[in-house]
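Me: I am new to this structure and would like to understand the words used to describe it. Could you take my questions one at a time and set each value against its definition?

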Amino acid sequence: MWKLVSCTVCVFLTLQLGSWSVWAEADELEDQVKIEVLVKPEECSRKSKKGDLINAHYDGFLAKDGSQFYCSRSDKEGHPQWFVLGVGQVIKGLDIGMMDMCAGEKRKLTVPSALAFGQTGKGPVPPNATVVFEVEVLSVSRGPRSMEAFGQIDLDKDRSLTKAEVKEYLKLEYEKGGKPRDEPFYEKILTDIFRKSDQDRDGQISAKEYNIYERDEL
Ligand SMILES: [Ca+2]
Ligand SMILES: [Ca+2]
């Protein structure tokens with residue numbers, strides 16, 4: 001939750017300080033994500049929030065020379081990435097900068113190293129590097145991450161989620177939204193969800209494994 005809090009604080013500071021913005025800007029460079037909206041769809045029934053399941057493309061560039069270090073359109077066979085927003089499945093800068101986005105929206109996010117790959121860097125990203133992401137959100141749906149949802153998903157009430165249970169839940173959610181999908185679609189989300197959540201690889205998501213993401217909401 002601190003991420004949202006710190007973000008709000010920065011916005012607050014910027015608004016309050018007005019003409020004193022010299023040091024507010026310095027502060028911004030250190031620990032704030034710069035968000036530029038490139039494309040905003042006219043119709044937006046649902047904005048992304050913490051815990052939502054997001055499907056998105058993102059390309060990553062180094063701020064200093066514009067060189068590209070990641071492209072989700074060519075990496076991993078060009079599939080857009082699935083992740084749960086706001087819970088640390090992506091770098092902090094994306095968790096912060098991709099809040100309140102609609103399906104179809106594109107943003108350019110400038111992320112300071114502290115919210116990206118930090119002092120050590122990662123792969124092609126050198127230490128202390130500011131990075132720029134161009135993100136395109138393809139879909140936003142309610143993620144299987146609230147305890148209320150856990151109770152609904154866990155059909156046999158054994159405090160553990162099987163793939164069949166999660167799949168049933170996802171199907172209902174998509175049908176409710178008027179967008180039923182085909183089998184390969186669900187299989188892909190399920191594989192992603194279990195790869196990220198089933199820590200002990202026993203094929204089930206226990207309440208404890210599920211709860212990892214709930215703790216910081218308290
Ligand atoms: Ca169960
Ligand atoms: Ca497990």
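Reply: What follows is a set of questions and answers on how parts of this model are described. This is a predicted model, in which local features need pLDDT of at least 70, side-chain atom pairs count only at pLDDT 80 or more, and totals for chains, interfaces and linings use all residues. Residues are numbered from 1 along each chain as its sequence is written, while chains are lettered from A and ligands numbered from 1 in the order in which they are written.

Me: Why is E36 called exposed?

Reply: A residue is buried if 20 or more other C-beta atoms lie within 10 Å of its own, exposed if 12 or fewer, and partly exposed in between, with the C-beta atoms placed from the backbone. E36 has 12 other C-beta atoms within 10 Å, and it is therefore exposed. E36 belongs to strand 1, where the count of buried residues among the six residues is zero. Helices (H or I, at least four residues) and strands (E, at least two) are DSSP runs, numbered from the N terminus.

Me: What makes G86 buried?

Reply: G86 has 27 other C-beta atoms within 10 Å, so it is buried. This glycine is found in the loop between strand 4 (81-84) and helix 3 (92-97), and its C-alpha atom is separated by 7.5 Å from that of K49, 37 residues apart along the chain.

Me: How do you know that strand 1 and strand 5 pair?

Reply: Two strands pair if DSSP finds at least two bridges between them, and five bridges join strand 1 (residues 34-39) to strand 5, the two running antiparallel. One of the partners in strand 5 is T110, which is bridged to K34. E36 and R107 are 71 residues apart in sequence, yet 5.6 Å apart in space from C-alpha to C-alpha.

Me: Which strands does strand 2 pair with, and over how many bridges?

Reply: Strand 2 (residues 53-62) pairs with strand 4 in the antiparallel sense over four bridges, and A56 stands opposite Q81 there. With strand 6 the pairing of strand 2 is antiparallel over 10 bridges, and L53 has S141 as its bridge partner. Three bridges join strand 2 to strand 3 (residues 68-71), again in the antiparallel sense, with G60 opposite Y70. The hairpin of strand 2 and strand 3 has five residues between the strands, and G66 in this hairpin takes a positive phi near 75 degrees.

Me: Why are the buried residues of helix 6 said to line one face?

Reply: Helix 6 (residues 183-197) has I189, I193 and S197 as its buried residues. Seen down the axis of helix 6, these residues fall within an arc of 50 degrees (the arc of the directions from the helix axis to the C-beta atoms), so they line one face of the helix. The face turned away from this buried side carries the exposed residues E183, P184, E187, T191 and R195.

Me: Why are helix 5 and helix 6 called oblique to each other?

Reply: Axes are lines fitted to C-alpha atoms, for helices over the stretch in contact, and angles run from 0 to 180 degrees between N-to-C directions. Angles under 35 degrees count as roughly parallel, over 145 as roughly antiparallel, 65 to 115 as roughly perpendicular and the rest as oblique. Helix 5 (residues 163-176) and helix 6 pack at about 125 degrees, with their axes 10 Å apart, and the two helices are therefore oblique.

Me: What makes the phi of K157 and of R159 worth a remark?

Reply: Most residues other than glycine have a negative phi. K157 is not a glycine, and its phi is positive, about 55 degrees; R159, also a residue other than glycine, has a positive phi near 60 degrees. K157 is in the loop between helix 4 (147-153) and strand 7 (160-162), and R159 lies in the loop between helix 4 and strand 7. K157 is exposed, with 7 other C-beta atoms within 10 Å, whereas R159 has 13 C-beta neighbours inside 10 Å and so counts as partly exposed.
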